[in-house]
Each structure stands twice: as structure tokens, then as C-alpha cells.
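The following paragraphs lead the reader through one protein model, element by element. Please keep the sequence and the structure in view while reading.

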Amino acid sequence: MSQNIVLTTGIYDLIKEHLRRKKATAAEEEVLKEQLKNAKQVFRKDLPADVVSVNTIVTVKDLDTNEEEIYKFVAPAKAKARNQTLSIVGQMGLALVGYTVGAKIDWPLEGDNFKKMEILSVENLN
């Protein structure tokens, strides 16, 4: 995770609040704090199209299994299982937010395990 992430100010604040409320695991918190230190904050209108953020559909390849998964990220209040949408501050949203197409990510899971992923595509819902 050597690549710096790009976040809108709103998403940056959401992640900070998520951490403040102690909703992340200790391993996630460590990674997120480091990412936020180096994150580039931009206005929504200046966010590059290939950055994972709110209202994006992201195709990810699991580098251990070579399986592809598709995630649709929305604001926390709009996330609904029946709509197959996930909160941008849910575990997978936090793992991918701010990264661009081609980024390879190691995200902490339970215990000492990490999920290794690569972002294949990002599509905006707007």
C-alpha cells in the first residue's frame, strides 16, 4: 500500500469519524491512520474518474484466488443489501477508497491475514 490515496474532503471526514467512533479493527485503524496522513484531499469536482469513492462500481481481482468481484459503493445511509450496495466506510469500502485502477492492495482481515486485491476498473454511477 505504498500508493497515496485520493479522497474528497467529505470522505476524508467520514473515515476520520469512523476511526473516532472506534468502528475499525486495530489492524484497519493502523492502516487507515497511515493512509490519511499521506492522503491527497480534493474537491468532488476534481476527483479523478478512476478513483474509488462514493457512487462507484468497482471490479476487483482477488490476487490469491484470481476471482473477480464487483462492488457498488454508496454513502453509508444509502447502503442496502437488497440494492446490492455497500457503504464506502464498510470493510471493503475502506480497503479500496481513494485508490485508482491498477492499484494493488493488502487489506487486514481477521487475525494476521491480509486480502490481496487489484483494482481492475472503476465506473461512476452519476
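A residue is called buried when its relative accessible area is under 20%, exposed when that area is over 50%, and partly exposed in between, with a 1.4 Å probe and protein chains only. Helices (H or I, at least four residues) and strands (E, at least two) are DSSP runs, numbered from the N terminus. The model is predicted, so local features need pLDDT of at least 70 and side-chain atom pairs count only at pLDDT 80 or more, while totals for chains, interfaces and linings use all residues. Residues are numbered from 1 along each chain as its sequence is written, and side-chain values use heavy atoms, with hydrogens and water left out.

The account begins with helix α2. This helix has 13 residues and reaches 19 Å from its first C-alpha to its last, close to the 18 Å expected at 1.5 Å a residue; the expected span is 1.5 Å times one less than the number of residues. Its buried residues are Glu28, Glu29, Val31, Leu32, Gln35 and Leu36. They cover an arc of only 165° around the axis, which puts them on the same side of α2; the arc is that of the directions from the helix axis to the C-beta atoms. An α-helix has 3.6 residues a turn, so residues three or four places apart point the same way. On the face of α2 turned away from the buried side are the exposed residues Ala26, Glu30 and Lys37.

What do the buried residues of α2 pack against? Their partners are β1 (6-8), α1 (9-20), α3 (91-96) and β6 (104-108), where contact means heavy atoms within 4.5 Å. Glu29, which is placed in α2 (residues 26-38), can be followed individually. Glu29 counts as buried because its relative accessible area is 15%. Not counting residues up to four places away in sequence, Glu29 touches Leu19, Lys22 and Ala24.

The strands come next. Two strands pair if DSSP finds at least two bridges between them. An open sheet of five strands has the order β5-β4-β3-β7-β6, with mixed pairing. Its edge strands are β5 (86-87) and β6, each of which pairs on one side only.

Strand β3 (residues 56-62) is mostly covered, as six of its seven residues are buried. It runs antiparallel to strand β4 (residues 68-74), to which six bridges join it; Thr56, for example, has Phe73 in β4 as its bridge partner. Strand β3 also runs antiparallel to strand β7 (residues 114-124), this time with seven bridges, and Ile57 stands opposite Glu123 in β7. By contrast, β4 and β5 pair in the parallel sense over two bridges. There, Val74 stands opposite Ser87 in β5.

The hairpin of β3 and β4 has five residues between the strands. Asn66 lies in this loop and has a positive phi of about 65° although it is not a glycine. Asn66 counts as exposed because its relative accessible area is 51%. In the loop between β4 and β5 is Gln84, which likewise is not a glycine and has a positive phi of about 55°. Gln84 counts as exposed because its relative accessibility is 66%. The loop between β4 and β5 also holds Ala79. Is Ala79 buried, partly exposed or exposed? Ala79 counts as partly exposed because its relative accessibility is 26%. Beyond residues up to four places away in sequence, Ala79 touches Val74, Thr85, Leu86 and Ser87.

The last topic is the interior. A nonpolar core is a set of buried Ala, Val, Leu, Ile, Met, Phe, Trp, Tyr and Cys residues joined through side-chain atoms within 4.5 Å. Of the 31 residues in the largest such core, Leu7, Ile15, Leu96 and Ile119 touch the most other members. At least two residues of this core come from each of α1, α2, β3, β4, α3, β6 and β7. Leaving aside neighbours within four places in sequence, the contacts of Ile119 include Val52, Val58, Leu96, Tyr99 and Ile105.

Rings of Phe, Tyr and Trp (its six-membered ring) pair if their centres lie within 6.5 Å; planes under 30 degrees apart count as stacked, over 60 as edge-to-face and the rest as tilted. By this rule there is one aromatic pair. Tyr71 and Phe73 form this stacked pair, at 6.0 Å centre to centre and 20° between the planes, and both residues are buried.
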